[in-house]
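User: I want to learn how to read contacts and an interface in a model. Where do we start?

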There are 2 protein chains.
Amino acid sequence: AKPEVAFETKLSAVIEANRTMGQATAALAMRMAIDKAKVHGFGAVTVRNCNHYGIAGYYAKMAAKEDLMGGSSTNTESIAIPTFGKQPMLGTSPLALCMPADPHDFLFDAATTVVPRGKIEIYNKRGLPLEPGWASDEFGKSCADAQHVLDNISRKTFGGIFPIGGGTEYTGSHKGYGLGIIAEIFTSILAGGDTAPHVKNGGMGDTSFGFFALDYGMFGDKKEIRSRMSQLLQELRDSAKADGCDRIYTHGEKEMESMRDKQVNGIPVSEKTVEELVNIGRDMGMKYGDYLH
Amino acid sequence: AKPEVAFETKLSAVIEANRTMGQATAALAMRMAIDKAKVHGFGAVTVRNCNHYGIAGYYAKMAAKEDLMGGSSTNTESIAIPTFGKQPMLGTSPLALCMPADPHDFLFDAATTVVPRGKIEIYNKRGLPLEPGWASDEFGKSCADAQHVLDNISRKTFGGIFPIGGGTEYTGSHKGYGLGIIAEIFTSILAGGDTAPHVKNGGMGDTSFGFFALDYGMFGDKKEIRSRMSQLLQELRDSAKADGCDRIYTHGEKEMESMRDKQVNGIPVSEKTVEELVNIGRDMGMKYGDYLH
């Protein structure tokens, strides 16, 4: 199957993915949004019936590489609990936004839940208790037992992960809950795909995405705007540190430094992952040795 | 002075407010964004050098009244602490988004700080301790003493309010911190106004706004999209409640119910406020008696 354009205007398109590979179709959609933004100033493309697209920020960054502002979101299977609820109704659905700046772009890429599912899994493997306000038990109360939370999630009973802001209005739960709905608007609602409560099989084949690109030159001189952005980020990094802290980051900085380190020193992988890669390479008849040090 | 259009394209404009009244210039800017969206599908207008514009969600709702999606943001004086910082560098700057739905619109309108400044003031008046993760002392640590926090804020020394997600990465502080930067991008950065660290006198005359309107018909049949949105919101309201909770809200619902109640039963005001209103009315030679019951 191939992705098809189901609907299109000058500034927008909806792509029926026909259950194609997430990364490939997402890159195609973001490319369309970029092309539209270059001609008209703004482009927005949504995608329905696709597979997992990987990293939300990657697509936002595609726009920044062409000196445009970029945005990206995906919905996921339901795993997040609405404020005052106990039933998973929204995804961990990330919102990503990239704005060009020097010496490096502002790249926001955050799950709309207080933590992603992977973090619960890591805490479980390490036998650590979950922080308060991370995850809900089957009664809607905060739960520290990672195994219990993961069991509830895989059994599709009540319980799940809290939105950004945790489980109470005091900590701002309703804000993260609203951001989760916003992610759903920019993906399934505008793409005509399945909303989070109806996504099945972990989202295999029925995930929706949303992308936009905006030429910030529609607000004046691009050099001046980029310079204002760079200055704000520098002022944030230079501002006074909390006692005991020696650095303030701007978004995307940690990831950029990690990438540079890995480009020089290689990517550390566990022996088990190497074994899996070797087996895949052998099955596919590839010269996998060239890629492993 | 009058507001002037400083820069304009088909889809966008930048308004130099010349320190005019916030509400009037903001409504004018949102109206421009709506008109552009009606013709081209999308319109975005930013404003610089203005005064406080009141309620962010009001302008987002203006677009929804014309069956468009609407967004609104303003920057404010610096009061929010970056993650790992202790110096106020960002505003309480709200992000608002309104998406038409039945029986009522989705209306998200949230400060990018965990609480607005007014909440700290209310807790101070009531002599209540602040919740952990709400506000920072002058060392960057969470502080329960409302008077101490307010003193620090008014003295412009270190200390302030934490972003959505509180004061630690464990609770998602970096997410709210990023949303505060995003609010700044859509206001001062794209408007050419003063960024939060440079806003003076509580933002009198140097506040920036951002507005957008989007015709969601650029993604297909509007009735179908609106129906999908309405269904998602109804499913959220109908989903299982946490033990001890009897209702799940969607965003804008509490405010809509409060408005209907006040339209029927009147707006309760304190005697002190009535006295202030009477004095203003007398000074201006207005028949204020007609408006008071």
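Analyst: Start with one residue. Contact means heavy atoms within 4.5 Å. Leaving out residues up to four places away in sequence, Glu16(A) touches Lys2(A), Pro3(A), Glu4(A), Ala6(A), Arg48(A) and Asn49(A). This is a predicted model: local features need pLDDT of at least 70, side-chain atom pairs count only at pLDDT 80 or more, and totals for chains, interfaces and linings use all residues. Residues are numbered from 1 along each chain as written, chains are lettered from A and ligands numbered from 1 in written order, and side-chain values use heavy atoms, without hydrogens and water.

User: Is Glu16(A) buried or exposed?

Analyst: Buried means under 20% relative accessible area, exposed over 50%, partly exposed in between (1.4 Å probe, protein chains only). Glu16(A) has 14%, so Glu16(A) is buried.

User: Which side chain does the side chain of Glu16(A) join in a polar contact?

Analyst: A polar contact pairs N or O atoms within 3.5 Å; within protein, one must be able to donate a hydrogen and the other to accept it, and residues adjacent in sequence count only if both atoms are side-chain atoms. Here the partner is the side chain of Arg48(A), at 2.9 Å.

User: How much area do chain A and chain B bury between them?

Analyst: Interface size is often given as accessible area lost when the parts come together. Buried area is that loss (1.4 Å probe), summed over both parts. Chain A and chain B bury about 6,800 Å², 70% of it on carbon and sulfur atoms.

Technical notes. Buried area = accessible area lost by both parts, 1.4 Å probe.
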